Amino acid sequence: MKRFLILLLNTLAITGFSQSVHMTRSGQVSFFSKTPMENIEAVNNEVTSLIDTGKGEIVFAILIKSFHFDRALMEEHFNENYLESNKFPKATFQGKISNLSKINFAKDGSYEATVEGDLTIHGVKQHQTATGTLAVANGKIAVTSTFTIKLSDYQVEIPSLVAEKISKTVEIKVNCHYEPKS
Amino acid sequence: MKMLEDESKEVRKKDFTTATFKTTRLINGHSAENVAPGVLDFRISHRFGFLSSGAYELFGLDQASMRMGFDYGLTKRWMIGVGRSTYQKQFDGFTKFKFLRQSNQMPITLSAVGGIMYKSLKFDNPDQINFLTSKIYYSGQILLARKFSESFSLQLMPTIIHYNLVEGVNDPNDVLSVGAGGRMKLSKRVSINAEYYYQLPDYKLPNTTNSVSIGFDIETGGHVFQLYVTNSSGMTERSFIAETTGNFFKGDIRFGFTISRVFTIVKPKL
């Protein structure tokens, strides 16, 4: 009976919690490196992300291997030499919406959002702030954001031979459509 | 965050092992690596004379032999290629197919390579009745490869070479051999490779030796440079597996190098 009660309480707690959680498994994160020599772009369409509207928390889990490039060899080098995806298979972000009070998740509309938290790439954790748009429509949330990161912050080494082809800062674009989690 | 981890475990996909070797050739022979779909790989290989030939021949550099080849990836598993060697004015073509791909659920990569070679050198005795097929050779290989760790990969390659015509009455038409090779990464962009083909004693041509090669792969952006020493002069299966004559351990060593450059012809859909 005691066990049953605990189970019941747990179930209640989880359901109560999940009403405010929105999720996607097919979020899009892309990055862009621009130099006079070469432009490099890669897209990942398999990003998993959760937003907890109650607490204002937002998390991302990004598989490095799921970034796809125009050129197969670039993709191989990206995994093998730069991001070392066997050692560090995932990039993650764990943060909070800092202007949560200005966003009404119950009302359709487009809101400017600022997110602050820890971005981990290549095994290196850095504090990161990003601004973006958070749109609410029919109870669903869509997030877009663009920000830049410095490769050296994440200890991604660029050999001098290709230094002219790879930008020191990389522009990152996020485009995720969340569904309420049942 | 914990919840997210549980979520991502549910959808854990097959995770294919990549970059078992740096390029599609170990040194002389094929590796289990394929050219990506839509990518053209232009390869130029050079082989020089024996280092033991001395200073007069500039340690073999006076005798250069080369092969140029174009390889193309049709799908993730299937690639084809053609080439032309100066050695016996030989044309060659091959097709390579990956049947198994190493992943978190599969311990090895298994590929099959089929090759055809045509020696376009003129017949020795043009006056007798000659058949075109006498100058055609076939090769078949199974490649069994495994990437053991980030830096270490091994490969086994049982091989059959078929000769339509052999020189001696007692020479076998089918040359059988088992190759073994591996690579060890020295840094992110440099690896050391070794390759050895053992010929079965009853199924080899007379006065031939086993092919031995040791070399480095150096990768720079879109190019891979392969620098090596070997006792083989040919650059196709038939010529380096079945027709090597030098003894590697008695100084019959040649310097050789390959430059591989890839071009993306068809961009993948992102």
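How many bridges join β4(B) to strand β5 of chain B, and in which sense do the two strands run? Ten bridges join them, and the strands run antiparallel. β5 covers residues 109-119 of chain B. One of the facing pairs is B:Leu100 with B:Leu110, the latter in β5(B).

Before I go further: this is a predicted model. The predictor gives the complex an ipTM of 0.76 and a pTM of 0.82. For chain B the average pLDDT is 91, and 95% of the residues score at least 70.

Back to β4(B). On the β3 side, strand β3, residues 78-85, pairs with strand β4, residues 90-100, again in the antiparallel sense, over eight bridges. B:Gly83 has B:Asp92 in β4(B) as its bridge partner. The hairpin made by β3(B) and β4(B) has four residues between the strands. Two residues to look at here are B:Gln88 and B:Lys89. B:Gln88 takes a positive phi near 60 degrees. B:Lys89 lies in the loop between β3 and β4 of chain B, and its phi is near 45 degrees, a positive value in a residue other than glycine. As background, most residues other than glycine have a negative phi. Is B:Lys89 buried, exposed or partly exposed? B:Lys89 counts as partly exposed, because it has 13 C-beta neighbours inside 10 Å.

Now chain B as a whole. Chain B has two helices and twelve strands. Along the sequence the order is α-β-β-β-β-β-β-β-β-β-β-β-α-β. The C-alpha atoms fill a box of roughly 80 × 40 × 35 Å along the principal axes. Buried residues make up 38% of the 270 residues in chain B. If we take contacts in chain B between residues at least 6 apart in sequence, 58% join residues at least 24 apart.

B:Pro268 sits in the segment after β12, residues 254-264 of chain B. From B:Pro268 to B:Val39 is 229 residues in sequence, but 9.8 Å in space, C-alpha to C-alpha. Which residues does B:Pro268 contact, leaving aside its neighbours within four places in sequence? They are A:His68, B:Pro37 and B:Gly38. B:Pro268 has 16 C-beta neighbours inside 10 Å, so it counts as partly exposed.

Chain A has two helices and nine strands. From the N terminus on, the order is α-β-β-β-β-α-β-β-β-β-β. Of the 182 residues in chain A, 26% are buried. Among contacts in chain A between residues at least 6 apart in sequence, 56% join residues at least 24 apart.

Chain A also has a residue with a positive phi that is not glycine: A:Gln155, near 55 degrees. A:Gln155 is found in the loop between β8 (140-150) and β9 (169-180) of chain A. A:Gln155 is exposed, because 11 other C-beta atoms lie within 10 Å.

Next, the nonpolar cores. In soluble globular proteins, nonpolar side chains tend to be buried together. The largest nonpolar core here has 39 residues, and A:Phe60, A:Ile62, A:Phe78 and A:Ile141 touch the most other members. Leaving aside neighbours within four places in sequence, A:Ile141 is in contact with A:His22, A:Ile51, A:Leu134, A:Val136 and A:Tyr178. There is a second, separate core of ten residues, including B:Ala32, B:Phe94, B:Val113 and B:Met157.

Last, the contact between the chains. Chain A puts in 19 residues and chain B puts in 21 residues. On the chain A side, β2 (39-52), β3 (57-63) and α2 (72-82) each supply at least two residues. Which element of chain A gives the most to that side? α2(A) does, with six residues. By class, the side of chain A that touches chain B has eight nonpolar, six polar and five charged residues.

That is what I have.

Terms used. Residues numbered from 1 in each chain as written. Chains lettered and ligands numbered in written order. Contact = placed C-beta atoms within 7 Å. Nonpolar A, V, L, I, M, F, W, Y, C, P; charged D, E, K, R; others polar. Buried ≥ 20, exposed ≤ 12 C-beta atoms within 10 Å, placed from the backbone. Pairing = 2+ DSSP bridges. pLDDT = per-residue confidence, 0-100. Core = buried A, V, L, I, M, F, W, Y, C linked by C-beta atoms within 7 Å.
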